[in-house]
Amino acid sequence: LRFPTSLTGDGTDAMNTDCDYSSAYVIIHTSDPELTGQGMTFTIGRGNDIVCAAIREVANRLIGKKLEDLFANMGKTWDYLLADSQLRWIGPEKGVIHIASAAVDNAVWDLYAKSRKKPLWKLIVDMTPEQIVDSTAFRYITDVITKEEALVMLKSRDAGKAEREAKVRELGYPAYVTSAGWMGYDDEKVARLTREALAAGFNHFKMKVGQDVDNDLRRGRIIRSIIDDPQNLPTGYVPPDPASLVGKNAGPTGSVYMIDANQVWDVPEAIDYVKQLAELKPWFIEEPTAPDDILGHAAIRKALKPYGIGVATGEHAHNRMIFKQLLQAEAIDVVQIDSVRLAGVSEVLAVLLMAAKFGVPVCPHAGGVGLCEHALHLSLIDYIVISGTMERNVLEYVTHLHENFVYPCTVNSRARYNVPNDPNEGYSIQMHESSIAEYEWPNGTYWTKATSGKA
C-alpha cells in the first residue's frame, strides 16, 4: 500500500525529502474464516515491493502450523520465524528480511490477541511474568540481562500492575506531536499547526532539522515563541507535573521542544550543528548520525551534555543488539523503539526489559502509517508490567492516515492516547477494505487514476 504523502510534505525531513508513506501489509488466514491476523512494516515508497517479497518467504514458514502450538510459547515461535538459514543469510537480523519478519511476527501476535478477545497490550499485561519471559527474544543479550533477571524485574512490578492499568485507562498515555515540524512545511503552516497542537493539549513538540542552521533557528524560534507564551495556552490548561519535566529543558509554560536530524550528519558535524541550535533549548537531538554508530552517538552525547541537550535514537536501530550496545556505551538518554523495525513484539520486549534495567525512558518512534496504532500497545506494556513508569515517557503522535484503520488510535483533550479497549482489535493494524482497494500499489484506484492523469 502506498499513500501520496509527498504531495503535502508530510513526513519530510533532512534525509527523506519525498516520502510516500507505505505499508508492506500481510494478512494471515486460518481455518476459521472469521479469524485473521494482520501485520505490517513501514517504508516510504520504492522498496515496499522488495519487502513484500520477503514477507511471503517468511510467512510461508507458518503454513500448516497449529495456532495453539504457536501461541504456547511466542519466544520459540519468534525463533522459528527467524531460523530459516537461507533467509537469515541475507540479514542476519537486519535489513529487509528483518522488517519482513516484523510484519509476520506482528500478524501472529495479532492473531493471538484476537483469539483471546483482547487488545494486544491487554493480552501481554495479563500474562504471568514467566509467560512474558518465554515470549521474549533473549539470544545475544544475556550478557546484559538474563531470563532470571527479567523474571525478578517483572515479578517486582506485579504488586502495582492493576493500579497502573487503572491509572492509564483514566488519564491516557502521554503523547508528543511531530506533525507541526516536518521539513517541507512553510513558516505559516508550522506556526498554525503548532498553535493547533497547543490548543489540543500537547506540551511536547518535535521539529525536523539538519539542512540549514539559519532555517532551523528561524523555524525553531517560531515554535518556541508560540509554546512558551502563556497567552497561547488553552482555556483550562493544567500545568504538567514538574517531575515529568526533569532534564527536558522545558520552557516557562512547561512545554518541551525536541529536534530530529534523521541521520544526516557525521559525528563532528552533528556536535557543531546542534551547539548552534542550543539557544532553542531542545530536550534531545534524535538520530544525529548513522544509526549503527554506537560510539559516535556516545561522543555526541558527551559533547552536548554541558549544553543540557540529550541524545535519542532507535527508529533505525535494526535489532536488540544495537540497543544493547547503545545502553552499554551510555550513548543515549532516550530509547526510541520502532514497532516494525525490530522484528516484532518478541524483540521489542527484549529492548523494553534492557531499557528498564538501565533506567532509560522509552519514547517510541511512531511517525509513519500504522506506527501510532502499533506503538501505543508497546508503551502500555512498558508502563504497566515492565518499567512501571510513564512519568518522563512520551509516545510520538502524527495526525496522518489514521482514517485508513478499522481501529484507529485517538488522543483525548489532555493530548494523551486513549487506551485501546475493543476485544476484536488485536494489534490495531487492520485496514479498511476500501483503503486497500484505493491505495494498493500499483493497481489501487488512486494510483490507476494518477497514472492516467485523473487523480
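Tutor: Happy to! The second largest cavity has a volume of about 50 Å³. Here a cavity is a set of points on a 1 Å grid over the protein atoms alone where a 1.4 Å probe fits but cannot get out, and lining residues have an atom within 4 Å of a point. Grid points are joined across faces, edges and corners, and the volume is the space filled by probe spheres set on the points. This is a predicted model, in which local features need pLDDT of at least 70 and side-chain atom pairs count only at pLDDT 80 or more, while totals for chains, interfaces and linings use all residues. Residues are numbered from 1 along each chain as its sequence is written, and side-chain values use heavy atoms, leaving out hydrogens and water.

Around the second largest cavity you will find V125, M127, T128, P129, I132, L154, R157, D158, K161 and V385. Two or more of these lining residues come from each of α7 (129–134) and α8 (147–157); helices are DSSP runs of H or I with at least four residues, numbered from the N terminus.

For context, the count is 2 cavities of 30 Å³ or more. The largest cavity holds about 90 Å³, and its lining includes V58, D84, R88 and H98. There, α5 gives the largest share, 3 residues.

Notes
On a 1 Å grid over the protein atoms alone, a cavity is a set of points where a 1.4 Å probe fits but cannot get out, and a pocket is an open set with protein on both sides within 12 Å along at least five of seven lines; lining residues have an atom within 4 Å of a point.
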